[in-house]
Number of protein chains: 2
Amino acid sequence: MNKKISKTERIALITKTLIENPSQIFTLNYFSDMLDHAKSTLSEDIKSIEASFEKYHLGKIYSISGAAGGVYYLPLAHKTFVEKVQTDLCNKLSETSRIIPGGYLYMNDILYDPSWLEKIALCIVSYYESASMDYVVTIETKGIPLALAVARILNKPIVVIRKSARLTEGTTLQMNYVTGSKQNIKTMSMPIKSIKRGSKVLFVDDFMKAGGTAKGVVDFMKEFEAQVVGVAVMMSTITTEEKLVQSYYSLIDFKGIDEKNKIIHMIPSNNKSDFTL
Amino acid sequence: MNKKISKTERIALITKTLIENPSQIFTLNYFSDMLDHAKSTLSEDIKSIEASFEKYHLGKIYSISGAAGGVYYLPLAHKTFVEKVQTDLCNKLSETSRIIPGGYLYMNDILYDPSWLEKIALCIVSYYESASMDYVVTIETKGIPLALAVARILNKPIVVIRKSARLTEGTTLQMNYVTGSKQNIKTMSMPIKSIKRGSKVLFVDDFMKAGGTAKGVVDFMKEFEAQVVGVAVMMSTITTEEKLVQSYYSLIDFKGIDEKNKIIHMIPSNNKSDFTL
C-alpha cells in the first residue's frame, strides 16, 4: 500500500469525486485503483464523509450492495433550505423593475443564473426524492436550463420538446395541443429516438398557468409509451381556478401584478408531500 | 473551539463546499462560522486539499488576498483528459445509426446528457482559462445545455439569443444576419436588459459550419457594447474553406458523411493555444 496518500488526501479526493458527479455510482474498486489503498480503509473513509454530511443536513451518500454496487452522492435540501429559497425567490421576483407590460415578469436573470438554478433544482430533486425517473423532459426555450440543472443532480439526460420539427434531428413525432389559458393550438415535436419506450419522466418548466402545456406533455409522452411521474415548475399562477394537471410541484405562487401601483403579488407555494399524478 | 469537529469532517465539508460551487469565492470567515474553528487551522486544511488536487491534476484552488479575499475552486482539464474526451467523442459520434438524410448527424443524446456536457464544458473552460468573461452567450436551442454547463463552472450567467422577440421578455433588440453556409437571412433577438454594457462574453454553441452565426453574434454583441472574447463549439466542419470568425475552439473536426457507404469522417480538432479573436 502506498503510504504517501494520507487520510486527508483520501477524504479530499473521495469527497471531490462524489460531489462532482451526483447520482453517479462509484465502486470501492474505483477508489482503490485511484488511491492505492485497501477497500476496508476506503470504506471507513466513505463512512466518515457520510457522517459529516448527515450532521449538517448536506445531502446523502447512498450505498448499493451487490455486484453492481458502490456509493453515490445525492444532494438533498433540508426543509429550512427550501423555505429560504422560496422566500429569497419571492423577494427577488417582487422587484418592480421586472414588470413587463401585459402582466408579465422578467425572469431571465434567475432562469439563466447557474447559482439560482442550482438552488431551485435542489428543491425539486428533494421533493421528488423517492420517485425514480429516466429522463427530465422540458419544452423549449426558457425551461431548458432549469431542466438541465435538475438532470445534472439526477445524472439523467434531458429531452427537449420543440415547437416544430428540425431537419437535423431526424424522424420526429408531432402532436397538436390546446394551451390552457388562451385556448391556442400549438405543436409539440420530438425525435422518435430521443426517449426509450417504457420510460418514466419528470417534466420541468419555468412557469405554469392553467397547465395546458403540462397536460400536453403528459399526453405527448403517452405516444412514446412514457409516463410522467412528476411536474415541477419554478412559479405557477393561482389566478386560474383549476389546473389541467392534478398534481405538480411549484416553488412560488404568482397572484398577479397591480400594474397601476406597481405591486407584484406572490407567495411561497405550499406543496403537499404526495406527488402522485 | 468546538473539538467535536474533526479534521476529517472539516476536510470533507470544505471540499464539498468548494466543489459544489465552482468559481465561487468563500472567505475564511465563512468556513470559520460554518465549522467553528480558528482561521489558521482552516487555512492549513485548505492547503492540504489544494495539494491533493494538484497532485492528481484535478483542478485548482485559487486564493485571493485582500478585503474581498477568499478561496475558490476551478475545475481544469489536464491535456490527457482533453485528448481522451476528444477521442471518446469521435468514437461516439461515428456510430452509423446517427446518420440523418441530408448529411446531418443525430447528436441530441450527447448534447442533452449532463455527464458528456460536463466533460466538454471542462475542456472549453480549460482552454479559455486565462480569459475573463462576464457572460456565456448562446443561441437557441441546442447550444443552451452546453452553454449552461460552461457557465456553471465559471459561475457566470448565460444569455440566450432567440430567433424572434417574445412578449414575456420585455423590450428587445433585433438584428438580421446572413448564415455563412446557405446565405439565408435570419434574425437574432435579445432583451435589452439581459446584458450589462461593457461586458466580455464567451459564445458557446453545439456546431459551427461556416461561422455565420458566430460572426452574427460578434456583431450583435457590439450593439450591447459587449465584446466576444471567445467562441467555443463541440464540433465544427472543415469542409468550408474559411470560417467567418478568425479564432475559435472546437473539440471535433467534422469532415462529412459518406452516406452511400455509411462512413462518418471526423477527427479531434487541433486547437492553437492562442485564443485572441
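A:F26, A:Y30 and A:F31 form one aromatic cluster. This is a predicted model, in which local features need pLDDT of at least 70 and side-chain atom pairs count only at pLDDT 80 or more, while totals for chains, interfaces and linings use all residues. Residues are numbered from 1 along each chain as its sequence is written, chains are lettered from A in the order in which they are written, and side-chain values use heavy atoms, leaving out hydrogens and water.

Q: What makes the pair of A:Y30 and A:F31 edge-to-face?
A: Rings of Phe, Tyr and Trp (its six-membered ring) pair if their centres lie within 6.5 Å, and planes under 30 degrees apart count as stacked, over 60 as edge-to-face and the rest as tilted. The structure holds 18 aromatic pairs over all chains. Here the centres are 5.6 Å apart and the planes stand at 85 degrees, so A:Y30 and A:F31 are edge-to-face.

Q: Why is A:F31 called buried?
A: Its relative accessible area is 0%, and buried means under 20%, exposed over 50%, partly exposed in between (1.4 Å probe, protein chains only). A:Y30, at 39%, therefore counts as partly exposed.

Q: What makes A:K16 lie over the face of B:F53?
A: A charge sits over a ring if NZ of Lys or CZ of Arg is within 6 Å of the ring centre and within 35 degrees of the ring normal. A:K16 is at 5.4 Å from the ring centre of B:F53.

Q: How do you know that the copies meet through the same surface?
A: 100% of the interface residues of chain B are also interface residues in chain A, so the surface is the same; contact means heavy atoms within 4.5 Å.
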